[in-house]
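Q: Could you take me on a close look at the aromatic pairs in this model, and at how their rings are placed?

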Amino acid sequence: PDVISGDMESAMAVELNPWVEYEFRVVATNKIGTGDPSAPSRVIRTNEAVPKTPPANVSGRSGRRHELVIAWEPVSEEFQNGEGFGYIVAFRPNGTRGWKEKMVTSSDASKFIYRDESVPPLTPFEVKVGVYNNKGDGPFSPIMVICSAE
């Protein structure tokens, strides 16, 4: 809370991000002015949670013949919400059923390359990229249509 009355001995911080380290300070204010902040509290890490933020800007990139190159902006560490963070890359030829899913275990990854000699150049694919961590699977990005390399 922004303001706590002078007779309170505690307050609850809400809407903190999961799996983030926080330090807290207290500043006293009255009619005369504002005092110096307290020393920082010990570092407190919030609990892990399933990720809630999918990668942004999913798109296609140029590649070699018979490749589908799927790229995205990595999710920043503050939104990974726990250990074991990675990506689920799902794709299928446009208009077909059933997604192929591949796990990308690096939290820093920003692309995935699918190679298949039977895929003709400029074949349209529906693609989406999801997130996961040790707590479970999070959401997928919106579906984008990208084409295999020429």
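A: Happy to! Rings of Phe, Tyr and Trp, the last by its six-membered ring, count as a pair if their centres lie within 6.5 Å; planes under 30 degrees apart are called stacked, those over 60 edge-to-face, and the rest tilted. This is a predicted model, and a search of the whole structure finds five aromatic pairs.

Let's begin with Trp 72 and Tyr 87. Their ring centres are 5.2 Å apart and the planes meet at 50°, so this pair is tilted. Trp 72 belongs to strand S4 (residues 67–73) and Tyr 87 to strand S5 (residues 86–93), so the contact ties together parts that are 15 residues apart in sequence. Trp 72 counts as buried because its relative accessibility is 4%, under the 20% limit. Tyr 87 is buried as well, with a relative accessible area of 0%.

Tyr 87 has a further partner in Phe 85: the two ring centres are again 5.2 Å apart, but here the planes stand at 85°, so the pair is edge-to-face. Phe 85 is buried, as is Tyr 87. Put together, Trp 72, Phe 85 and Tyr 87 make up one aromatic cluster.

While we are looking at rings, two charged side chains deserve a glance. The charged end of Arg 45 sits over the ring of Trp 19, at 4.3 Å from the ring centre. Likewise, Lys 128 places its charged end over the ring of Phe 140, 4.7 Å from the centre of that ring.

Notes. Residues are numbered from 1 along each chain as its sequence is written. This is a predicted model: local features need pLDDT of at least 70, side-chain atom pairs count only at pLDDT 80 or more; totals for chains, interfaces and linings use all residues. Side-chain values use heavy atoms; hydrogens and water are left out. Helices (H or I, at least four residues) and strands (E, at least two) are DSSP runs, numbered from the N terminus. Buried means under 20% relative accessible area, exposed over 50%, partly exposed in between (1.4 Å probe, protein chains only). A charge sits over a ring if NZ of Lys or CZ of Arg is within 6 Å of the ring centre and within 35 degrees of the ring normal.
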